[in-house]
Every structure is written in structure tokens, then in C-alpha cells.
Amino acid sequence: MTRPTRQRDHDRQRVRDEDDAETETDAEGVEGVDADELDPEDFDPEELTRTADGELIHEDTGIIIEEEQIDPGPEWRAFNHSERQSKSRVGAPTTKTMHDKGLTTTIDWKDKDAYGRSISSKKRSQMHRLRKWQERIRTKDAGERNLQFALSEIDRMASALGVPRSVREVASVIYRRALNEDLIRGRSIEGVSTAALYAACRKEGIPRSLEEISDVSRVDRKEIGRTYRYISQELGLEMRPVDPKKYVPRFSSELELSEEVQSKANEIIETTAEKGLLSGKSPTGYAAAAIYAASLLCNEKKTQREVADVAQVTEVTIRNRYQEQIEAMGIHS
């Protein structure tokens, strides 16, 4: 009775020895390559696996091709934003929205120490003096002061318009390019910064009309348009025409219209644009007329005055575009 058991044990040991011999043979080299000088190119890429520790392993043989990878991340772990902020030992990333790219020291206005406790009156006055001199020495000449003013204007207008931070970054880059190309000479800083913001809105696909931009700016609409055309031509900014459909969600939301009206307005814009009616027309007026027509078709009637106030166009513009659109759609009013 013991003989078959011994035979099975012997067979198992023989299989183990054969496997070990194959592994040793593979480890000695692949196609004549020494195990100490293994190259990932000697293996089939589909058979290699990168582990979480950064090691490169050959799946079939278990050979480690690469190891001791350097982890560029921090040595600590964090599971939410506040924990990550508290453990971080570095400052904010550089940004083009600040004249010094955010690399200088900033003294906080909270007048509290590292533990959140209020500092004494003597320390408070000392911090006030340090803060004042810090603001003074951040700009070394008139050029930096002008750049600081322009970027602060862009930030102010962007906040008033409610555009995302990416638009502010793009606007700051456009203004810096205009400054390097000496395009600001003979023009107001406010005009160029406003034009840069308008160009950034168009480049990022954020629909903001010239009227909306001029409402938050300190310069008039004509100067903004003139400066925008100049810097876009000189800097070679490739601007595509604004799609009227991008205005539909915002205008419909302000008018408290349903999704059905928005879908119908987009359908009207697509159909009439294919027939060439959009050429040479203002995108805001075109979108406003489509929304007005869609509200009538969906029994959610809005007056021309209400739509005109939201879109910042005249009622005459809406009437003209509306008439063209319903004729192109084959709808009888």
C-alpha cells in the first residue's frame, strides 16, 4: 500500500526538479543573454508587466527585468483634499495670472500664527509693515507694475463674468505675448487686457459677447473690438466663428425655459445655418431669435423684449432674424 504513495512522491519531485531546471535555464539568459545583463527589448512586450512598485517582470518566467525604480511622489499618503493640503510642504504651482508667476513670498492678512491663534498687537503692526514693503518690492520697475495692473484687471473682469480659471490663464498668456511683441504701445492697458480676455473666451469656447465684456470693462465696445482685431491679427490667433448654439443653454436658463425649447432652438439654428442664413449675422442675435421662435412653437411664449434683454440685442434684430428663420423652416407665423 505504501508503494504507490512513494511512486507519486517521486513523480512530483521529478516534475519540481524539471520546473526548477527550466527556470534556471531561462534565468541564465534569453537567447544567449546573461541574466545580469537582461534587456527589455529581448522579450516580447506583451509578456512584460509593470507592477505597482515599478518593477518590470516577465510573466512566464517571473524574471525581474527592471527594479529599484525611483518614486517621484511624496512619502506620505492623503485620502482627501484637506489632508493633502495640511501635509503638503510646497507652495502653489506657478501661474501666468500673476506678474511674478506666484514665485514671491506672500504675507497673509489674517494676522494669525501657524496654530490659528491671533498674534499680539506688536506683532500685528510688524506684519503690517512687512506686508507693505513686500507689496512695494514685488515690482522692480514701471513695466512690471503695468503688467501687474493688467493681470489684476483680467482677473477682476473674469470674476465678474464668471468664467473658469483656464480662461484667465489663456488671457494672461495672450496679454504677455502682446507685451513681448510691443503691441501695447499707443493703446490703453485696460483695452488690451479686455481684448485679451475676449480672445481667451472665444479660444476656450466660453460664449461671452462683446456687450457682456464691455459691461465689466472700463473701456467702450468699439475700442475693445478694434483692439481685439489688431492683436488677433498681429499674434496670428486663429479664431473660428462663434457657434450660436453655445449661447442657447445660458439664455434659456436665464429665461427659465425647458429642455424642449433648447432642443427646438438648436434644431432651428442647425437647419437654418445649413441654408446659409448664419453668414454675416451676429451669433447672439441669431441664437436669441431661435429661442424666441422655439418658445412660441413649444407654447412657452416669451416676449421679444424679454429675450432681447437677456441676449443684449435689440427687438428689431430678433424680429428680422426670426422672420428669416421661420421662412427657411417653412413655418407660417
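## S252 in helix α9

S252 is buried, its relative accessible area being 0%, where buried stands for under 20% relative accessible area, exposed for over 50% and partly exposed for what lies in between, with a 1.4 Å probe and protein chains only. This residue lies in helix α9, which spans residues 248–255; helices (H or I, at least four residues) are DSSP runs numbered from the N terminus. Once its neighbours within four places in sequence are set aside, S252 is in contact (heavy atoms within 4.5 Å) with L257, Q262 and I291.

## Basis of the model

The model is a predicted one, in which local features need pLDDT of at least 70 and side-chain atom pairs count only at pLDDT 80 or more, while totals for chains, interfaces and linings use all residues. Residues are numbered from 1 along each chain as its sequence is written, and side-chain values use heavy atoms, with hydrogens and water left out.

## C201 in helix α6

C201 belongs to helix α6, residues 189–203, and it counts as buried because its relative accessibility is 1%. Leaving aside neighbours within four places in sequence, C201 is in contact with V163, V167, I206 and R208.

## Q304 in helix α12

Q304 is part of helix α12, which covers residues 304–311, and with a relative accessible area of 15% Q304 is buried. Apart from neighbours within four places in sequence, its contacts are with Y292, E315, I318 and R319. Of these, Y292 is twelve residues away from Q304 along the chain, and their C-alpha atoms are separated by 7.0 Å.

Terms used: Helix = DSSP H or I, 4+ residues; strand = E, 2+ residues; numbered from the N terminus.
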